[in-house]
Structures are given as C-alpha cells and as structure tokens.
Amino acid sequence: MSSSPKSLLDLPNELLWMIKDAVGEHLLGNACFYLLCTRTSAFYHTTSAADWQRVLRANGLGLATYEYVDESEYEHIAFACAHHAWACTHPHCGRARLEENYRLMGEATAAWPTLRGDGAAGTVRSPHFDVAPDEGALVPSTLFAHIAFRAPARTRAARAHTQQLAYLRPAGQDARQRVPGETLDAHPVALRTFASFPPLEAMNVDAPFEVPRMLNRTGLTARDVCRYLSSCLDQKVYPDTLKDALRELGDDAAKGISWDANTVQECVKQMRDWFQVVRWTGFEYQRRERNRWFMLKFEPRALPASAKDVEGLCSPDPAADEETESDAAHLRVSLRQGVSF
Ligand SMILES: [Zn+2]
C-alpha cells in the first residue's frame with residue numbers, strides 16, 4: 001500500500017504540471033514555482049522569451065520606449081521584478097502594485113477583444129484615433145498619484161539627467177519634507193508598470209501644460225511618462241496657464257490652496273514649481289466627442305506658511321516677471337472667486 005503524499009514535492013509530475021498550468025501568467029506564482037526545487041524549475045526549460053514577455057505583460061510590466069533587450073533578458077527582467085516585489089516595502093510598488101497590474105490587465109483583456117490572442121506583444125492602441133466611443137474603458141495606472149519630481153538644477157551645467165528626477169513619494173510626505181535619496185529607477189516594478197490599462201502606444205495630454213505626445217509602440221510605461229514629464233519641468237508658466245491650471249483644480253480644490261494669489265503667482269514660474277505647490281494625482285481620460293485626451297490631475301497639498309520652506313521652489317524674482325499687475329489682480333480675483341471663469 002502506497003503512502004499518501006506528505007508535501008507538494010511528493011506529488012507526481014502530472015499533478016505538478018497541473019499546478020503550473022493553474023498558475024498561468026501570474027508572475028509571482030511562476031517565480032515561486034520555478035524557485036521551489038530543481039524538479040519544478042525543470043518545468044521551465046522550454047519556456048521561451050516570448051512566454052516570459054507574455055508573463056511580464058500579463059502583470060502590467062513593459063519595456064521603456066528606448067529600451068532594447070536581448071531575448072534572453074526577458075526571464076532576467078521577470079525575476080528581477082519578482083525579487084523586487086518580495087523585497088520592496090513601499091505601499092504602492094512591490095506586491096501590491098503587481099497585484100493591481102494583474103487585475104487591471106485581466107479586466108482590460110476581457111473588455112478589449114483585440115488584446116486577446118495577439119502573442120507576447122499584444123495590441124496597443126492610440127486612444128486619440130483608434131478608439132470607438134463604445135469600446136472598453138481606458139484606466140490610467142494609479143501609480144502616478146504616488147510619483148513626484150525632485151527639483152532639477154536651475155542651470156543646464158548642473159542639471160541631473162531627467163530620468164533621475166522622478167521618485168516614489170513616501171506615504172504622508174508634505175511639501176516641507178525632503179525627498180528620498182533613491183529615484184524611481186530603484187523600483188523596477190513601478191518603473192515598468194504600464195501607464196494605462198490596456199497599454200497604449202500613444203498618449204496626448206491636454207492643456208494647460210504643453211506635454212509632447214508620448215509614444216511607445218509596445219505600451220507606454222511609467223518610465224516613459226516620467227521621462228516626458230521631466231523634460232517639461234522647465235516649461236514657463238504664464239499667468240493665463242496658471243489661471244487654467246487653477247481652474248482645472250475645480251472650485252473647491254482651488255480654495256484649498258492655503259497661500260494667497262500673490263504668493264502662488266510669485267512662486268509658480270515654471271512647471272516644476274506647479275508640481276511642488278500642488279500634488280499630482282495622475283491622469284484622467286476624457287472623451288469629449290471626437291477629441292479624446294488625458295488630463296494631468298492635481299489636488300491641493302499641505303503647504304508650509306512660507307514658500308521659502310518648500311525645498312527647491314523659486315524664490316520670488318521680480319526681474320524675471322513678465323506678467324503685468326493687471327494679470328496679478330485678475331488672478332487674485334479668480335482665486336477669491338474659486339477660479340470660475
Ligand atoms: Zn519598489
């Protein structure tokens with residue numbers, strides 16, 4: 001009489017194969033099964049680069065637009081992300097991010113028939129030209145609500161590479177707190193997360209800020225988006241742009257900015273200043289008849305009493321002011337009225 005199996009490893013190969021099949025394309029499930037023992041790792045000897053690419057994609061992870069990898073690297077990337085997910089303690093990276101990505105990719109695949117059965121690359125779309133009004137939802141990643149930008153150096157000579165500006169905001173960070181030393185590059189799960197579900201090959205961002213059309217033929221990632229936005233941080237913010245940005249906050253939200261209009265206008269000279277005065281909460285996809293855009297969304301953040309306490313924020317520089325006193329007066333009235341035009 002044979003004894004009953006005492007552990008997973010006592011199971012016959014046929015049953016282990018069934019378990020592997022049940023794991024499907026779940027990244028952490030596959031990583032666990034691979035690392036369990038030599039018997040289970042042997043099940044992956046025939047796993048191709050396309051299979052690993054499909055697993056990455058099913059877990060909402062992609063390559064940056066300028067990133068070219070050898071086929072043999074997909075497996076390495078998959079395990080690097082799995083190991084990071086187990087080790088990372090940031091509440092919006094790690095395992096929590098992977099689980100959300102996996103769920104959103106599953107929902108996107110169910111809602112978009114053209115995403116099914118297209119192999120490892122899948123089908124990505126331009127929401128501005130290819131999407132019919134009755135097609136499935138485009139869901140921007142919630143990751144962006146937890147990304148901020150450190151202030152770039154004011155002079156080109158001292159400026160850091162733009163990719164080194166984005167970082168995952170620590171929970172509860174306010175405008176006075178110093179930014180963490182590590183950048184988004186230290187979080188491969190967050191860095192590789194698709195910007196939207198389903199993944200898109202193009203995103204257009206509407207006014208008030210001028211953001212170039214963001215492109216990645218294999219699906220825009222958080223890394224792509226942060227690179228594009230970082231390259232815009234020096235963009236000058238004119239009074240009308242600031243007025244539009246405040247209006248987009250919404251009446252109640254604009255009233256939540258604790259500084260007076262003069263202080264806001266004196267401090268927000270460039271796009272990077274706006275990102276420090278308010279909190280970036282991510283993207284919203286808007287379908288307005290034929291025009292479909294993503295909007296950058298912001299909300300008020302806790303500001304210290306003095307603008308000088310915000311690290312890296314412009315100090316008022318009257319010599320650089322190009323706006324007139326009437327612009328400032330108009331903005332003051334707008335803020336008082338809750339920015340309704
Ligand atoms: Zn992380």
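Me: How are the axes of α2 and α5 oriented to each other, parallel or perpendicular?

Reply: Angles under 35 degrees count as roughly parallel, over 145 as roughly antiparallel, 65 to 115 as roughly perpendicular and the rest as oblique. Axes are lines fitted to C-alpha atoms, for helices over the stretch in contact, with angles from 0 to 180 degrees between N-to-C directions. Here the axes of α2 and α5 cross at roughly 100° and come within 10 Å, so the two helices are roughly perpendicular. Bear in mind that this is a predicted model, where local features need pLDDT of at least 70, side-chain atom pairs count only at pLDDT 80 or more, and totals for chains, interfaces and linings use all residues. Residue numbers start from 1 along each chain as its sequence is written.

Me: Which residues of α2 and α5 meet?

Reply: Contact means that two C-beta atoms, placed from the backbone, lie within 7 Å. By that test Leu27, Leu28 and Ala31 of α2 meet Ala78, Phe79, Cys81, Ala82 and Ala85 of α5. That contact has 8 nonpolar residues, no polar and no charged. Ala, Val, Leu, Ile, Met, Phe, Trp, Tyr, Cys and Pro count as nonpolar, Asp, Glu, Lys and Arg as charged, and the others, Gly among them, as polar.

Me: And α6, which of its residues are buried?

Reply: Buried takes 20 or more other C-beta atoms within 10 Å of a residue's own, exposed 12 or fewer, and partly exposed is in between. An α-helix has 3.6 residues a turn, so residues three or four places apart point the same way. In α6 the buried ones are Arg97, Leu98, Asn101, Tyr102, Leu104, Met105, Ala108 and Thr109. They pack against several elements, including α2, α4 and α5.

Me: What span does α6 reach?

Reply: The expected span is 1.5 Å times one less than the number of residues. Helices are DSSP runs of H or I with at least four residues, strands are E runs of at least two, and numbering goes from the N terminus. Helix α6, residues 94–111, has 18 residues and reaches 26 Å from first C-alpha to last, close to the 26 Å expected.

Me: Is Phe194 buried or exposed?

Reply: Phe194 sits in the loop between α7 and β4, and counts as buried because it has 30 C-beta neighbours inside 10 Å. Beyond its neighbours within four places in sequence, Phe194 contacts residues including Gly60, Ser141 and Leu220.

Me: What about Gly250, buried or partly exposed?

Reply: Gly250, in the loop between α9 and α10, is partly exposed because 16 other C-beta atoms lie within 10 Å.
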